[in-house]
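Hi there,

I am passing a structure on to you and would like you to take a look at it. My notes on what I found follow below.

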Amino acid sequence: MDRHWEEETGSKWAAGTWGHQPPSVLFHQLPSNATLRFRGDKALAWGAVLGERAPQGIPQTWGSEGSKEEVAADMETIALQQLPLCMAEKRRHRLQAQKQAGQHTRWQQWQAGQQRLRRKVGSILLHTQLWRSSLTCIEGHFGTGIEAYFNFLRFLVLLNLVGALFIGGFVVAPSITFEALRLNQTERANLTANSPCMGYDPNPRGLVSYFTYIMDLLSGTGFMELTYLFYGYYQNSAVDVVGFSYNISLAYLLAVLCYFLLCLVWIVHRSVHLLKRGLVSEDGALSTYSIKVFAGWDFGLTHPPAAIWKHNSIRYELKLDLEEEASRRAMAQRSPAQRAWLYTLRGLVNLLVVALLGVAFYCIYLATEYSQSTLSQQSVAQSKSKAFWELLVSYLPSIIITGANLVVPMAFGVLVRLEQYPFSQEIKLTLVRSVFLRLASLVVLLVSLWMQITCHGQTEAFDCRTCGYNHQHFPCWETRVGQEMYKLLVFDLLTMLLVTLLVEFPRKILVSHGPVLLARLWGQQEFLVPTNVLDLVYGQTVCWVGASFCPLLPLLNTLKYILLFYLKKLTLFSNCRPGDRTFRASSSNFFFLLVLLLGLAISWVPALYSIFALPPSQACGPFRAESSMWNAALLAIDGLPELARGFFYFVGSLGFIVPLFLLLCIFLFYLMALADSYSRLVKELKMQLQLEGRDKVFLVNQITELS
């Protein structure tokens with residue numbers, strides 16, 4: 001129908017029947033203006049001038065005085081938009097015009113002042129951003145895709161730094177200050193603890209060699225347990241100084257909970273911001289070939305090799321789109337028997353993937369059980385060989401987890417090719433499986449520790465009957481869990497250093513100065529953004545899991561990520577090149593933030609379980625006199641005045657939780673309705689873009705006919 005209409009209008013123009021008519025008639029024939037009959041009486045004809053009669057079927061609403069003023073205001077706005085000025089200059093001109101027109105109220109003046117203040121503060125903060133010049137240099141040499149990885153790394157550094165300052169300011173610093181000043185500390189009596197549960201003494205006996213101290217530093221045992229790094233060194237005391245009371249146990253509990261809440265709010269805020277951009281950039285309607293050709297270039301590139309890589313990346317994306325289109329056509333042309341065989345093959349591959357995951361998880365479980373049972377039975381090492389063996393046994397779960405994270409994703413990459421998915425879907429499927437492997441390996445480690453601490457969940461067992469946990473093998477189980485997370489962090493850092501020094505640099509030397517055949521077969525190292533980001537997410541999840549039992553772990557993770565930033569920057573400029581196969585979701589980072597939220601949710605489980613359900617160690621830590629960690633908050637609430645105590649008890653009752661849940665449900669339905677209305681508006685805007693494209697095609701046809 002549209003083609004017939006275009007042929008008819010083109011013949012009229014070629015015949016000269018429109019030559020004596022004004023240009024507005026041509027605008028009335030545009031495809032977008034032809035849909036005015038579906039828009040109601042509020043729609044206006046494109047190209048209509050003041051006082052001109054609209055064609056039949058189009059409402060004439062431009063004749064009134066009010067409409068003329070609106071048209072004049074629209075013309076001024078359009079003229080301002082067409083000026084070759086930056087946004088700041090256009091904003092200043094608009095404010096001056098409004099001020100001259102006398103339209104500024106006090107509220108508008110206050111808003112304008114606040115906007116100017118925010119812009120000035122934003123410009124100052126922009127120049128004080130961490131690694132701003134480095135990120136600009138990386139973007140200029142390698143593009144925005146790799147710069148997004150380093151930007152994500154900077155976000156994690158700031159997140160850990162704020163968390164370390166928060167925990168250090170409310171827990172570590174007061175404990176150090178009270179211990180140094182030797183203030184009056186009132187330690188609560190451990191009335192409920194039995195004498196067998198108090199056997200915990202990490203002090204080494206006798207002469208200890210220097211090599212043993214190095215082993216203790218790497219494994220977090222020995223003298224490391226007597227530092228503020230781990231949970232067991234903190235005291236369950238309260239300090240009273242001239243009417244000021246500070247409870248260390250309550251501060252410890254609230255600091256950990258507020259740290260998790262701060263991370264949640266910050267990540268959600270960043271995810272929402274990136275989701276808005278991702279919905280536009282990843283939309284299929286806006287990812288056409290013309291946009292990739294005419295608007296896909298990165299004008300921030302200043303390095304000639306980076307420009308060549310960007311050319312290859314754009315060419316690869318176009319090739320990938322063609323391959324995906326060919327794959328969809330091939331899938332549509334398959335016979336029912338071929339589809340049945342393909343689905344059967346995919347099912348077998350998924351079973352093999354599940355088997356690989358099961359083998360990896362079982363190895364992690366066996367390594368954890370062997371490591372914990374062996375370390376619990378051994379005494380202090382007196383020789384270097386025995387100390388090294390104990391260090392190797394203590395790091396056995398970390399070695400198995402890291403080895404599984406390196407080897408199993410390679411098998412996933414081989415198996416996914418048998419499933420005959422499009423390549424973009426292959427990348428996403430491999431990433432999902434790798435994410436599940438990394439996070440589930442931590443879950444298996446925590447479950448293995450839980451089974452040994454709680455005697456497989458049987459509190460009436462012989463080893464757990466006295467204290468509620470296995471006090472013989474785990475006299476301070478919180479410190480033991482913190483040690484496992486500490487060893488994972490240290491081993492992850494050591495693995496990155498060894499891979500960089502022993503794999504990437506030698507590969508660069510061999511490719512650059514070795515035989516030509518070897519250089520062609522091996523090739524230069526690619527900087528793969530998804531794999532590196534998943535390494536960051538894994539390390540951050542380890543930090544969150546151990547933050548409840550190792551308060552200084554966020555600080556150590558901050559130092560680790562700072563070192564990692566400079567290490568990755570060095571290897572990027574020296575050894576690597578951008579990957580030819582780009583991952584489109586990495587441009588918005590929303591997928592990785594979603595995985596980061598999943599890691600945060602996993603870290604909440606052991607923290608909340610240890611706070612509310614699992615009894616704390618009675619021989620160490622700030623909660624040694626309590627039946628549960630949450631009991632410290634209940635005792636603090638009982639010490640408040642009656643009005644405040646009644647308020648907190650009401651907030652924790654069903655009379656407050658049920659109405660709050662109903663209000664949240666109503667608010668959720670409102671947001672769903674609002675999102676539905678926004679989606680309709682987006683569809684209308686997309687339709688308008690398509691109509692504008694048809695307008696351009698129509699005008700080009702008319703110009704061609706005239707020429």
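One term first: the helices (H or I, at least four residues) and strands (E, at least two) named here are DSSP runs, numbered from the N terminus. Cys 455, for instance, lies in the loop between H15 and helix H16, which covers residues 477-513. Please keep in mind that this is a predicted model.

**The chain as a whole**

The secondary structure comes to 23 helices and five strands. The chain has 707 residues, and 38% of them are buried. Of the contacts between residues at least 6 apart in sequence, 73% join residues at least 24 apart.

**Helix H18 and its two partners**

Much of what I have to tell you concerns H18, so let me start there with H20. How do H18 and H20 run relative to each other? The axes of helix H18 (residues 529-547) and helix H20 (residues 590-612) cross at roughly 20° and come within 9 Å. Angles under 35 degrees count as roughly parallel, and H18 and H20 are therefore roughly parallel to each other. Their crossing is right-handed. From H18, the residues that meet H20 are Pro 530, Val 533, Leu 534, Val 537, Gln 540, Thr 541, Trp 544 and Val 545. On the H20 side they find Phe 592, Val 595, Leu 596, Gly 599, Leu 600, Ser 603 and Pro 606. Sorted by class, this contact has 11 nonpolar and four polar residues, with no charged ones.

The other partner is H16. H16 and H18 pack with their axes 9 Å apart, at an angle of about 155°. An angle over 145 degrees counts as roughly antiparallel, so that is how H16 and H18 lie to each other. The crossing of H16 and H18 is left-handed. H16 brings Met 485, Leu 488, Leu 489, Asp 492 and Met 496 to this contact, while H18 brings Asp 535, Tyr 538, Gly 539, Val 542, Val 545 and Gly 546. By class, there are seven nonpolar, two polar and two charged residues in the contact of H16 with H18.

**A closer look at H20**

H20 has 23 residues, which at 1.5 Å a residue should span 33 Å; its end C-alpha atoms are 33 Å apart, so the two values agree. Its buried residues include Phe 592, Val 595, Leu 596, Gly 599, Leu 600, Ser 603 and Pro 606. In general, an α-helix has 3.6 residues a turn, so residues three or four places apart point the same way.

Not counting residues up to four places away in sequence, Ser 603 touches Phe 260, Trp 544 and Val 545. Ser 603 and Gly 546 are 57 residues apart in sequence, and their C-alpha atoms are 8.3 Å apart in space.

**A lysine in H19**

Is Lys 560 buried or exposed? This residue lies in helix H19 (residues 553-574). Lys 560 has a relative accessibility of 3% and so counts as buried. Leaving aside neighbours within four places in sequence, Lys 560 is in contact with Leu 489, Asp 492, Leu 493 and Gly 539. Of these, Leu 489 and Asp 492 are part of the H16 contact with H18, and so is Gly 539 from the H18 side.

Pro 506 sits in helix H16 and is partly exposed, with a relative accessible area of 31%. Pro 506 and Asn 575 are 69 residues apart along the chain, and 9.2 Å separates their C-alpha atoms.

Which residues other than glycine have a positive phi? Gln 420 is one of them, with phi near 60°. Gln 420 is found in the loop between helix H14 (396-415) and helix H15 (423-453), and at 40% relative accessibility it counts as partly exposed. Cys 455 is another, with phi near 55°. Cys 455, in the loop between H15 and H16, counts as buried at 10% relative accessibility.

Best wishes

Technical notes
Residues numbered from 1 in each chain as written. Predicted model: local features only at pLDDT ≥ 70, side-chain atom pairs only at ≥ 80, totals over all residues. Heavy atoms only, no water. Axes fitted to C-alpha atoms, helices over the stretch in contact; angles between N-to-C directions. Parallel < 35°, antiparallel > 145°, perpendicular 65-115°, else oblique. Left-handed = near helix turned anticlockwise from the far one by under 90°. Contact = heavy atoms within 4.5 Å. Nonpolar A, V, L, I, M, F, W, Y, C, P; charged D, E, K, R; others polar. Expected span 1.5 Å × (residues − 1). Buried < 20%, exposed > 50% of the residue type's maximum accessible area, 1.4 Å probe, protein only.
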